[in-house]
Amino acid sequence: MGKVKVLHFELTENIGGIESFLLNLFQQIDREKFEFHFVTTAEVPACKIQLEELGGFIHVVSELSNIGHYTGDIRKLLRDHYDVIHIHKNSAANIIPFIEAKKTDVPMIIVHSHNTAPSKGKLTKLLHLVNRSKIYKCSDIHLACSDAAGKWMYGDKVYEVVRNGVVAKNFFFDVSKREKVRRELKINAETFVVGNVGRLVEQKNHQRLIRIFAKIYELRKDSCLLLIGEGPLREKMEAEVEDLGLADRVKFIGNRADVADLLMGIDAFVMTSLFEGLPVAAVEAQAAGTYLYLADTISKQTEIGKNVTWFSLEQLDIDIAKIIVGNGIPLEADRIRANDDVVAAGYDMSSTCKRIDEIYTHE
């Protein structure tokens, strides 16, 4: 019997929650049993090198804006007879992959909800509300990264929560890695490092994070902000940093493959997102043992261990900053315990892989 052939929709050019989830899944799943293919509209999708090194196949299709070519490319791709079509979605706005998969009689179509609101505008939200019942009918299996993401995609219909697992052992705190990262980034050992991992887009609300950091810097001059990720708002954010006089205190380091090591160099991981399903980056930060500060617009299921503090985006920047500075730097023992908490709570990718394996093979 050959490998189970799985087609995943779809990768973007930036490392977001879906891309991180797929990379973690592919690293841990039995690659002798499963063959993974990935659809993208990006010329160079995020994680391309890592996915191909693992044996994955990348298929570039036309942009959705050219809807005729996009549909035709998907139709042609689906002639290759996949056993499973696994469609990862932030909203139900784009229904074309479901319609085309349904036409080709794919044995199993999976929809997997990864968010709790649309990443763009009112039209996307309207299309989502119109299409989500159609997507449900076109799919055989209905998954979500959290209950909030499940209700967003499926309403009151039945779905299963599959945790956004991470490779926890990769994030086990290591002092030597912390020191190495700080040397490479020219950050002093004593500096209080605030950090975030995420696409530089409106949803992630980085401009609010920058304003909060400005207050942190007022309270603690030996602090810096590390922003890991890339996106269309980078120039705008860099200009704001300049206006605040923080250019030498904020580091934009783009997409990185060594996120685990970078998180070990961070003391306070702050997320000001306007909405989130269950962000992989926050699970990774917990596995690395940072202190986490999360806006209450993020799914409460994101809190796994004892290192999480919640705040409201309605609070003043200075009040949020005081909480972050007041908690200080986590002890090494707390960072190690936090990794254990992630594993114990079932957020290690080995647990997630086991369930995905069972779904793909009907076990």
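What follows is a series of questions and answers on single residues, helices, salt bridges and cysteines.

Tutor: The model is predicted, so local features need pLDDT of at least 70 and side-chain atom pairs count only at pLDDT 80 or more, while totals for chains, interfaces and linings use all residues. Residues are numbered from 1 along each chain as its sequence is written, and side-chain values use heavy atoms, with hydrogens and water left out.

Student: Which side chain of opposite charge is nearest to Arg335?
Tutor: Arg335 sits in helix 13, residues 332–344, where helices (H or I, at least four residues) and strands (E, at least two) are DSSP runs numbered from the N terminus. Lys and Arg count as positive and Asp and Glu as negative, with His and the chain ends not counted, and a salt bridge is a side-chain nitrogen of Lys or Arg within 4 Å of a carboxyl oxygen of Asp or Glu. Arg335 is buried (under 20% relative accessible area, where exposed is over 50% and partly exposed lies in between, with a 1.4 Å probe and protein chains only), yet Arg335 has no salt bridge. The nearest side chain of opposite charge lies 4.4 Å away and is that of Asp267.

Student: Which residue has its backbone oxygen 3.1 Å from a polar atom of the Arg335 side chain?
Tutor: Contact here means heavy atoms within 4.5 Å. Apart from neighbours within four places in sequence, the contacts of Arg335 include Phe173, Arg178, Met264, Asp267 and Pro330. The backbone oxygen that lies 3.1 Å from a polar atom of the Arg335 side chain belongs to Leu263.

Student: What arc do the buried residues of helix 12 cover around the axis?
Tutor: In helix 12, residues 317–327, the buried residues are Asp317, Ile320, Ala321, Ile324 and Val325. They lie on the same side of helix 12, because the arc they cover around the axis is only 130°. The arc is that of the directions from the helix axis to the C-beta atoms. These buried residues pack against strand 8 (192–197), helix 8 (206–219), strand 11 (268–271), strand 12 (291–295) and strand 13 (308–311), and the arc asked for is 130°.

Student: Is Glu284 buried or exposed?
Tutor: Glu284 is found in helix 11, residues 280–287. Leaving aside neighbours within four places in sequence, Glu284 is in contact with Asn24, Val166, Phe171, Val259 and Leu263. With a relative accessible area of 7%, Glu284 is buried.

Student: Which residues are linked with Arg355 in a network of salt bridges?
Tutor: Arg355 and Glu358 both lie in helix 14 (residues 349–360), three residues apart, and they form a salt bridge in which the closest N and O atoms are 3.1 Å apart. Arg355 counts as partly exposed at 28% relative accessibility. The residues linked with Arg355 in the network are Glu160, Lys354 and Glu358.

Student: How far is the sulfur of Cys47 from the nearest cysteine sulfur?
Tutor: A disulfide is a pair of cysteine sulfur atoms within 2.5 Å, and a search of the whole structure finds zero. Cys47 is in no disulfide, and the nearest cysteine sulfur is that of Cys353. Cys47 is buried at a relative accessible area of 8%, and Cys353 likewise counts as buried at 8%. The sulfurs are too far apart for a bond, at 15 Å.

Definitions and conventions
Polar contact = N/O pair within 3.5 Å; in protein donor to acceptor, adjacent residues only side chain to side chain.
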